[in-house]
Structure formats: C-alpha cells, structure tokens
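Visitor: Could you show me how to read the features of a protein model, step by step?
Guide: Gladly; let us look at it together.

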Amino acid sequence: MQRLKRADIVIAGGGWVGLAMAKEITTRTSLSVVVLERGPHRKMAEYATGMDEVDGTYRQRSMQNLADETVTHRHSSGATAVPIRQYGSFNPGTGVGGSGELWSGLSYRNLPDQFRLASVLREKHGAAKLPADLTVQDWGVTYDELEPMYWRAEQMMGIGGKAGNLRGQRIEGGNIFEGPRSHEYPNPPHPHTYLTMLFHKAARDLGYHPYPTPAATLSQTYRNPDGITRSGCAYCGYCTRFGCMIGAKAQPTNTLLPVLMKHNNFMLRPGCWVRRVVHANGKAEGVSYVDQEGNEVLQPADVVILASWTLNNARLLMLSGIGEQYDPVTGKGTLGRNLTHQGGAATQVFLDRHLNSFMGAGAMGITLGDLDGDHGLDPEWGILRGGAIRITSGGEGPIAAFGKIPPGEVRSNWGSEWKKAALKWHDRVGTITCESEHLAYRQNFVDLDPTYTDKFGDALLRLTLDWTDHERRQAAVALKVQQSLAKAMGGRVGGSVRGIGAHYNVTDYQSTHVQGGAIMGTSPENSVVNSWSQHWKMPNLWVAGASAFPQNGSVNPTLTVMAVIYRAVDGLIDRYLKRPGGLVV
Ligand SMILES: Cc1cc2nc3c(=O)[nH]c(=O)nc-3n(C[C@H](O)[C@H](O)[C@H](O)COP(=O)(O)OP(=O)(O)OC[C@H]3O[C@@H](n4cnc5c(N)ncnc54)[C@H](O)[C@@H]3O)c2cc1C
C-alpha cells in the first residue's frame, strides 16, 4: 500500500457535508485538507448537454453505480436480506457535489420540538402510552442553538422563501408554525404557477396556512456572503436528478468549490474510494482508499471526517471496526441503531386545463405545515406526529408526464383509447405529496450483510426496515387531506402514488432522505457521536451528515444537515483544535 504524506485533515466524501466542512477549515485555518471523493468531477458545462430525461431520470447515470456497491434489505431480523439491484426507494448520488448536485432544492428547517422529540413525546403522552418499541431520541442540541447555523446555510445557498415567524412574530403568508427566525429569507419566493395558485387558494379555503416552499433554486440573481454570484432560475424543469446548467440551483460545485479552489491548503481527489478508517489505540490515523488507477493508498491525517452520506458513514465505521454494533434484541450497542426513512403519501389531481408542467423548478411550490409535528392532529387518527403537505411545479419531463390518467377514464391500460387519454391528460395533472415524520423503532437498524459484498469484496450494508401501523395511519390521514385539497382545487382526484403500503417497498422512489445509523445524542450510551458530530470514543474522528439524525424530521433534511455540520465544524475549529485529542464541550 502506498503511504502518502500526512495531511492535517482528511475528509471521505465530497458532497454538501464534505465540501462545506472543507471550506470552513481551509478558509479559517492554514491546515491542509484532503477531500477523497469516489465519483468523478463533473463540470457545469456537462450539465448543459446532460438534459436528457432517459439518461438522468430513468437510467440515473449520475447516481451511485449499483453494480459497484449497493445495500441489502429485509423487513425483519428473522428474514434473509437481498441486494437492491435497481434504483428504488432512495437514490444515492456520486461524484463531486454528491446528491447535492442532483437534489430538488427544497430547503426547510426542522420544527424546534423535533430536536427534543423523546422528551416532548414523554411530556405530552406519558412514557407508558408510547409504543414500547419507540427509540426516538433528543439530539443533544436545540433549535435555538442551530438557528444561526440554519441562517448561515440559507445565506450560502441563497434560499428563497417567506418567513412565518420572525423573532417570535407570526407572519401570515409564511409558515406560522415554524420556529423563530432571526432573519427574513435571503431571497423572495418563486412566483406562483397556475397549479400552485390553485393549491394555495384551495388550502386557504379549507382553513390551512399555505406558504411558499423554501427553495435553493434562486428566484433572482444573488451574491452570497462568500462573494459567489449565481443567476436566477430559468424554470427549465431539469432540476431533480440533474445538475443545473446555469448554476441557479445551489450545488456544492457552484457555491463551495469555487471558494475552495482558491486555497492552496485544499486538495480534491476524485475517483478515490475510501474503504477503511485506519486507527490504533482509540485514535484515527487516516484512511485507506483505492484510487482511480486501482492502487491501494494510505492517507495519514490528524483528523478524519466521514462525510460520505448516511449509509456510507455507518458502513465505513462498521467495516473499520469502530464502535459497538447495535443489537435490536438486547438494545445494546449504538452503531447502526435508529435507521429511519420518511413517511408519507401522494395523490394525483387532474385539472381541466394545460399546466405547462414541463416548466418549473425542483422546489417551486406551496407547502402547508398545519399538520406537521403535532399541530392539528385529531386524537382519533392515532398518530403521534404528522407531516408537511405540498404541491410542486417541479418541471416534468415528457416521459414522466405521459400515462397519468384519471381513474375510470379508460377501460384498459393499453391501446388507442389509452393513448388518446394519455395525450389529453399528460399536462393536466399535479401531485399533492406529504412527507411525514418517520419515528425511530427498536427493530429498524443497519449492520453488515453476512453474504453480499461490493466490488472490493467488502460486506454490503444491510437495512432491516419496515413500516409500522403509525406510518400506515399517517399515510391514511395524508391521503384524506390530499383528496379534500384536490377537490377544493376543482380537480378530479387521481390515484394515490408513493403511498406507504403494508410493508416498506424498496422498488418505488420515496425520497433520498435516509437517516440514522451513527446517531448523535447526549451520552456514549445512547449515541455514536456527540452533538458536535464528534465520535464519543475516538475524538479525532468526526461522522457528519444525516447519519447523525436520531430520527426523521418530516421535511427534507439537507438544510438541517448543513446547520448540524456548521456547528460541528465550528466545534472542530474553535474548540477541538485548541485542545486536540479531547472531546468538545
Ligand atoms: C434526487 C434527489 C433529490 C433530493 N432532493 C432534496 C431536496 O429537495 N431537499 C433536501 O433537503 N434534500 C434532498 N435530497 C437529499 C440531499 O441531496 C442530501 O440530503 C444531501 O445531498 C446530503 O449531503 P451529504 O454530503 O451528506 O451526502 P451526499 O450528497 O450523498 O455526498 C456524499 C458523497 O460521498 C461520496 N462517497 C460515498 N462513499 C464514499 C467512499 N467510500 N469514499 C469516497 N467517497 C464516498 C459520494 O460519492 C458522495 O459524493 C435529494 C436527493 C436526491 C438524490
């Protein structure tokens, strides 16, 4: 194995987390930072020629190659897991920028009580009334502590939206259920489309409080605090699963990388696949990886940061033998526990006129928070937490749009009658979605698969994951609300899509919002990392990203990921480096 010169800090993964942490360290210190990214380094010019729905949406050319590495899944501990061989319920990205190049840009903050969820549920319902298998946990950090970090992320990305709670003052038109913000959004929201206008009016008519979905696609030209200027969105519709051809969508490569590239203490190595954290005597000594040419390389470093996304972070810890594997029977061990995805449901609404749905932006929409967290929940529904409901004019490709037909419109799903109906309806359909909190349960976890391996022969990560009645009830509530909204829009209620079925389904896309496995908390007994994303048992190892989330917080996670890792990197720079080797307090 080739041994390289020691770096001060090595980071595994070049997505939002890896590059944001690298940017803070390289711009605020003189330390050398090496980022190892397994995928290629794509350039913005390639995005302009890559607007191909077949290639991007269906073949998913920018995502992790499942022949190189995938995960296995089973519904319960007694079952045998099998590998996911086609893109399914989530789509991990690869390449410099990671999924942050391919995301849709919906940029919410978590509700404040999410960060104290275990305490909140106990206070509200009493421990005895909660499901016995519930393992939700307080994060060890509060919304108030994270608020300035959220604001930093919003400015860096240039989020557009409308505040609903400015320093405690509720503002109609914004999300009046959100936690207090110190500032209005850096940019205004996107304008309405016909679809979002109808939804907004219907929601208001039904007594809800709709607000513009916070978006990382710019609503106007914007210069961020790092001096990076990006242009406003052209509403071309190629957002989700595509890199933005004009840089309007905030991506790690158009916000962070231009700053990083000016610093000599930063080094980016694409095509480098990290396989182990090398460690001895409770101290990380660097990482070993395979480079583009297939050479095995050791990169020694004083500090190691895992920023390789939720599942890869947990897997790298397991492959490296760091931490005690969680056992769902005894409840012992912290590594692998509290795997969560996201609850929810979606309903199609068919309207009487063309929507121009080929245009839009991934996060151009309207959301309502009236049933999010524990707001507005009817005790009859039997759910502890709800979710955020929304409609989006995300820009729909011709293939995705084709074949959506109102129920009962045709007698069979083929032939000339079906084709005629498909042509009539392809631009007259919207989808009302709901993303509900997925609570953490004792039986949902990750560990290493005993049978299946990746291209290097390393064990794949095994997901043991299934829905409970709580998620099924959440979905039933969401469908009812969505159907009433669809009717109030004057539309025909279509089929339910992306719903939670009897069991967790790995084949249909849900969201790439997977959390847990290396969670944060208040002590080494209940978590892998502390609230600074620092490993409890190996203080020079940082495990950053949604792997640290003790449970899913209903809305899209990336802004919260950024808030948590800004706090982590502040802890690393301002506290840890002053007393290297110790735990940050
Ligand atoms: C289609 C899609 C739409 C999305 N839409 C939204 C949205 O609207 N809002 C939202 O909040 N979130 C959204 N997300 C999720 C969002 O993209 C992620 O939350 C975010 O990108 C996570 O950042 P990360 O840096 O932790 O992980 P990633 O972006 O996954 O980056 C991790 C990087 O690590 C690299 N890596 C992994 N393993 C290794 C290894 N062993 N060695 C070296 N490198 C490695 C990967 O290649 C990757 O580049 C979406 C995701 C997808 C795929």
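Guide: What follows goes from the overall fold to strands, a loop residue and cavities.

Guide: A word on the ground rules: this is a predicted model, where local features need pLDDT of at least 70, side-chain atom pairs count only at pLDDT 80 or more, and totals for chains, interfaces and linings use all residues. Residues are numbered from 1 along each chain as its sequence is written, and side-chain values use heavy atoms, with hydrogens and water left out.

Visitor: What radius of gyration does the chain have, and what would a compact globule have?
Guide: The radius is taken over C-alpha atoms, and the globule rule is 2.2 Å times the number of residues to the power 0.38. For 585 residues that rule gives a value near 25 Å, and the chain's 23 Å agrees with it. The C-alpha trace spans about 65 × 55 × 50 Å along its principal axes.

Visitor: How many helices and strands are there?
Guide: Helices (H or I, at least four residues) and strands (E, at least two) are DSSP runs, numbered from the N terminus. The chain has 13 helices and 22 strands.

Visitor: How do I read strand pairing?
Guide: Strands of a sheet pair through backbone hydrogen bonds, either parallel or antiparallel. Two strands count as paired if DSSP finds at least two bridges between them. Here an open sheet of four strands has the order β5-β4-β20-β19, with mixed pairing. Strand β4 (residues 71-74) runs antiparallel to β5, joined by two bridges, and histidine 73 faces valine 82 of β5.

Visitor: Is strand β16 buried or exposed?
Guide: Buried means under 20% relative accessible area, exposed over 50%, and partly exposed in between (1.4 Å probe, protein chains only). Nine of the nine residues of β16 (residues 360-368) are buried, so the strand is largely enclosed by the rest of the structure. β16 pairs antiparallel with β8 (residues 210-212) over three bridges, where tyrosine 211 has threonine 367 as its bridge partner. β16 also pairs antiparallel with β17 (residues 387-394), over five bridges, and leucine 368 sits opposite isoleucine 389 there. Across the whole chain, 62% of the 585 residues count as buried.

Visitor: Which residues does asparagine 530 contact?
Guide: Contact means heavy atoms within 4.5 Å. Asparagine 530 lies in the loop between β21 (492-497) and β22 (541-543), and counts as buried because its relative accessibility is 3%. Beyond its neighbours within four places in sequence, asparagine 530 touches Met520, Gly521, Trp536, Leu583 and Val584. For the chain, among contacts between residues at least 6 apart in sequence, 74% join residues at least 24 apart.

Visitor: How do I read the cavities?
Guide: Rolling a probe the size of a water molecule over the atoms shows where empty space is left. On a 1 Å grid over the protein atoms alone, a cavity is a set of points where a 1.4 Å probe fits but cannot get out, and lining residues have an atom within 4 Å of a point.

Visitor: Which residues lie nearest the centre of the largest cavity?
Guide: Of its 20 lining residues, these are Arg109, Leu111, Asn175, Glu178 and Tyr211.

Note on methods: 1 Å grid on protein atoms, 1.4 Å probe; cavity = no way out; pocket = protein on both sides within 12 Å on 5 of 7 lines; lining within 4 Å.
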